[in-house]
Amino acid sequence: MSTHRDTPRVPERGTVLRTVGSRERRSHLSAPRVPTVGIDIGGTKVMAGVVDADGGILEKIRAETPDKSKSPQVVEDTIVELVLDLSDRHDVHAVGIGAAGWVDADRSRVLFAPHLAWRNEPLRDSLQARLAVPVMVDNDANTAAWAEWRFGAGRGEDHLVMITLGTGIGGAILEDGRVKRGKYGVAGEFGHMQVVPGGHRCPCGNRGCWEQYSSGNALVREARELAAADSPVAYNIVERVKGNVPDITGPLITELAREGDAMCVELLQDIGQWLGVGIANLAAALDPSCFVIGGGVSAADDLLIGPARDAFRRHLTGRGYRPEARVAKAELGPEAGMVGAADLARLVARRFRRANRRRVERYERYERYAQVLRPGGGRTTRARGTTEEPGA
């Protein structure tokens with residue numbers, strides 16, 4: 001397993017939670033200020049970091065999953081190796097996992113992961129048995145949204161929706177400082193809202209899903225189609241990849257757009273406009289105060305976010321007669337899922353500490369009682385239910 005270390009990110013200190021509106025938020029205010037490990041699991045890599053109570057990354061390492069099958073055991077072994085590596089240099093109190101997949105409401109099992117061979121996988125219990133510290137598992141969009149609410153673009157917001165634009169579209173909902181996971185734990189799969197009946201086929205099996213029009217895959221698909229058709233507007237990008245159309249990637253499109261390539265700018269505008277349509281629909285359903293846009297595609301900044309804001313305002317139900325949600329770019333970048341997982345794990349560490357303390361207190365009470373009953377312990381049992389002092 002090859003690992004890579006990165007320079008720690010210095011956080012903005014003194015993050016303050018403005019109000020106390022729910023049990024989860026109150027719990028976090030009193031959570032132990034101890035370092036925890038966050039794990040971000042993607043289709044090709046596993047990233048792990050030790051995160052302090054202010055969201056600062058003390059150390060970060062990452063590894064590629066060493067087997068193309070991405071079997072549950074392979075990924076689990078990789079996670080354990082990374083955590084044990086970090087534990088050699090840090091006092092780790094809990095581990096949080098952000099997984100790209102559906103996680104059950106108990107945050108213990110990965111029900112389905114599209115890029116990994118996880119089907120109803122009991123990840124939490126398996127890792128907890130091997131690591132001997134409490135483990136928390138959640139969807140990676142939920143952990144990213146939590147990080148942005150705690151330390152990033154969503155600070156101070158009471159109703160926040162996060163959209164993660166990567167290969168597809170992920171999402172998460174926070175209300176009053178609490179992640180809304182739904183009855184079965186799989187809320188926030190916004191990418192599979194159908195926005196074009198009979199549209200592009202989606203890997204989920206349906207047609208016309210939102211992520212087929214506003215995602216990294218959609219961006220690359222459109223660019224490759226123009227290049228393969230020998231469109232004159234694709235001349236620059238075809239020249240850049242030396243005619244090898246499969247080498248066209250999202251980061252390359254963003255790079256050329258920043259250089260002023262008209263086709264790449266237009267493609268990002270198209271993606272941004274579809275993004276705006278989608279968040280207008282979400283505003284009609286959820287009425288949040290803020291949308292945070294994250295994921296790899298958001299690196300295009302205003303080339304994407306600007307058109308999204310414009311389309312959002314044009315398609316917003318009741319526009320001109322209602323408050324308008326803020327649309328902001330995520331601040332924590334690709335580390336958001338890892339930071340959020342570590343921070344959520346701190347709640348588990350608090351409960352684990354309390355349970356341990358109760359066990360210790362019960363043991364101490366038992367020892368005191370047993371000491372009384374021992375010969376010479378100061379009291380002697382005379383009859384059932386009665387005690388007398390020696391010599392009485």
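Strand E5 (residues 95-99) runs parallel to strand E9, and five bridges join the two; strands here are DSSP runs of E with at least two residues, helices are runs of H or I with at least four, and both are numbered from the N terminus. Strands count as paired if DSSP finds at least two bridges between them. The bridge partner of Val95 in E9 is Val135. Strand E9 (residues 135-139) is mostly covered, with five of its five residues buried, where buried means under 20% relative accessible area (1.4 Å probe, protein chains only). The model is predicted: local features need pLDDT of at least 70, side-chain atom pairs count only at pLDDT 80 or more, and totals for chains, interfaces and linings use all residues. Residues are numbered from 1 along each chain as its sequence is written, and side-chain values use heavy atoms, leaving out hydrogens and water.

Next comes an open sheet. Five strands form it in the order E12-E11-E10-E13-E14, with mixed pairing. Its edge strands, E12 (178-179) and E14 (326-329), each pair on one side only. Strand E13 (residues 290-294) pairs with E14 in the parallel sense over four bridges, and Phe291 has Val327 as its bridge partner in E14.

Leaving aside neighbours within four places in sequence, Leu275 is in contact (heavy atoms within 4.5 Å) with residues including Ile163, Trp210 and Ile293.

Key:
Buried means under 20% relative accessible area, exposed over 50%, partly exposed in between (1.4 Å probe, protein chains only).
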